[in-house]
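Hi everyone, thanks for coming. Let me put today's protein on the screen, and then we'll walk through it together.

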Amino acid sequence: MTSTRQDGDTWDLASSVGTTATAAAAARAIATREDSSLFADPFAEPLVRAVGVDLLTRLASGELPPGDLVEHVAIDVAKVRGKFYDDFFLDAANAGITQAVILASGLDSRAYRLPWPAGTVVYELDQPQVVEFKTRALADLGAEPTAERRVAAADLRDDWPAALRDAGFDPTRPTAWSAEGLLGYLPPEAQDSLLDTITELSAPGSRLATESRPNPKPGEEDRTKESLNRVSERWRESGFDPGMAKLRYFGERNEAAPYLAGLGWALTGRTVGDLLAAANLPPLREDGLRLGNVRYISGTLNETPN
Ligand code: SAM
């Protein structure tokens, strides 16, 4: 039974918010098997298998077809989202940025699969049990990082910069930051504080990629919760109860894109619909999860911060 969120709550990859990282990796595994021409994450399936949530392992391995359990659009979104962040990091690396920070890294395998230029340092930050598990699981798989990988175990609602600095992070060098699939799992004030802190730790020329969504119109969030509950119900009937509607923070919050613009970031954004169209994938239908409202944003901190 999933409990509602509380300050200071913790998790591993098979509980609470940690299951969202395992579910995201399961979607990447299904996407990779279906068509790896746009995006491929060969570590997704073995990592999900290592976590050991039976339903997610069976979905990731292909033993259980996605059917009604994973809507096909979620698999297409995993492809375009995966490619968006891969391209973001490779563009930054090709522009000479040699320090990358993957916030809320979950089961992200970019430090093991992207062709990082020599000398790149990739930091991964997530809850202690999450980063420890992934480090061990990838070592057990015999995987070798393709960059110098350093991990920081911290809670992003706490003093996470201390953990990053302890791992060797250098705020005087430009950084490429990602916060993928994270913001809705932070309370509104923690989101603002995270974006403020990223900006403070960013030397001029640093880059950032994340997601931004407008505040809900009246009634929209109730529909989102109903949709999440419907998905959770189907998963529960198949043996796993993710309690998805209890994991996010709902309600008003600052919208990431204008908030970051106010901090001096020059960002551009593309909707999920834009990314699907660019990849020649079918468009979104009206969806209760408001996937169509998500904008994937990326850009650079002005040379002279505001
Ligand atoms: N970025 C990964 C991806 O796209 O596959 C994981 C996304 S998953 C939906 C959300 C991630 O955010 C989880 O790995 C979770 O542990 C992390 N997370 C959420 N709140 C956090 C917090 N307060 N401190 C550290 N990590 C957090």
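Which residues does Trp11 touch, not counting residues up to four places away in sequence? They are Arg5, Ser16, Val17, Gly18, Asp126, Gln127, Gln129, Val130 and Arg157, where a contact means heavy atoms within 4.5 Å.

A quick note on the source: this is a predicted model, where local features need pLDDT of at least 70, side-chain atom pairs count only at pLDDT 80 or more, and totals for chains, interfaces and linings use all residues. Residues are numbered from 1 along each chain as its sequence is written, and side-chain values use heavy atoms, leaving out hydrogens and water.

Back to Trp11, which sits in the segment before α1 (18–34); helices here are DSSP runs of H or I with at least four residues, strands are E runs of at least two, and numbering goes from the N terminus. Trp11 counts as buried because its relative accessibility is 10%, and buried means under 20% relative accessible area with a 1.4 Å probe, protein chains only. One of its contacts, Gln129, is 118 residues away in sequence, yet the two C-alpha atoms are 7.0 Å apart.

Now let's zoom out. The protein has 11 helices and 7 strands. Of its 306 residues, 51% are buried. Looking at contacts between residues at least 6 apart in sequence, 78% join residues at least 24 apart. The C-alpha trace spans about 50 × 50 × 40 Å along its principal axes.

That's the tour, so over to you!

Conventions. Buried means under 20% relative accessible area, exposed over 50%, partly exposed in between (1.4 Å probe, protein chains only).
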